[in-house]
Amino acid sequence: MIALIQRVTRASVTVEGEVTGEIGPGLLVLLGVEKEDNEQKANRLCERVLGYRIFSDEQGKMNLNVQQAGGSLLVVSQFTLAADTERGMRPSFSGGAAPQQAEALYEYFVGRCKQQGIEAPTGRFAADMQVSLINDGPVTFWLQV
């Protein structure tokens, strides 16, 4: 399971002209699900995303996690993160989870984050989405479990 996380001052996702999720300061989480993923991996990734210390403290050092900084998550499914790009000029998606498995784990991940007391609006699974963000820093990290 993969999370590309971006520290943002604000972010939103739009589907067919409708804003389905938006946040102020926090993390945009682009979530990719691979064939071997399961709820245990989703739990671990949730812990890592929520615990990752990439927000500045009073001294300007990255010592705070998203909850300590008072931020939110915007979680957007992105199957292309599971692409194999090692060879050729076209990505292979054979490592990605089947849509039904991916959607179930995506929903599970979002639910686990919300259970930890954080606001976590979403995009719409498998939809053509437009994501807008202001990357703060820019700060972007790839987390994989």
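How many aromatic pairs does the structure hold? The structure holds three, where rings of Phe, Tyr and Trp (its six-membered ring) pair if their centres lie within 6.5 Å. This is a predicted model, so local features need pLDDT of at least 70 and side-chain atom pairs count only at pLDDT 80 or more, while totals for chains, interfaces and linings use all residues. Residues are numbered from 1 along each chain as its sequence is written, and side-chain values use heavy atoms, with hydrogens and water left out.

**Aromatic pairs**

- Phenylalanine 79 and phenylalanine 93 form a tilted pair, with ring centres 5.0 Å apart and planes at 55°; planes under 30 degrees apart count as stacked, over 60 as edge-to-face and the rest as tilted.
- Both partners sit in the loop between E6 and H2, 14 residues apart.
- Phenylalanine 79 is exposed at 58% relative accessible area, whereas phenylalanine 93 is partly exposed at 36% (buried means under 20%, exposed over 50%, partly exposed in between, with a 1.4 Å probe and protein chains only).
- Tyrosine 106 and phenylalanine 125 are also tilted, their ring centres lying 5.8 Å apart and their planes at 45°.
- Tyrosine 106 is buried, with a relative accessible area of 1%.

**Serine 77**

- Serine 77 lies in strand E6 (helices, H or I of at least four residues, and strands, E of at least two, are DSSP runs numbered from the N terminus).
- Serine 77 is buried, at 13% relative accessible area.
- Beyond its neighbours within four places in sequence, serine 77 is in contact (heavy atoms within 4.5 Å) with residues including Tyr106 and Phe125, as well as Leu31 and Met129.

**Nonpolar cores**

- The largest nonpolar core has 28 residues, and Val29, Val49, Leu73 and Phe109 touch the most other members; such a core is a set of buried Ala, Val, Leu, Ile, Met, Phe, Trp, Tyr and Cys residues joined through side-chain atoms within 4.5 Å.
- Strands E1 (2-15), E3 (26-32), E6 (72-77) and E7 (129-144), together with helices H1 (39-51) and H2 (99-115), each supply at least two residues of this core.
- Helix H2 gives the most to this core, with six residues.
- Leaving aside neighbours within four places in sequence, valine 49 is in contact with Ala3, Ile5, Leu27, Val29, Val66, Leu73, Phe109 and Leu143.
- Another core lies apart from the largest one, with 13 residues, among them Ile2, Val8, Ile23 and Leu30.
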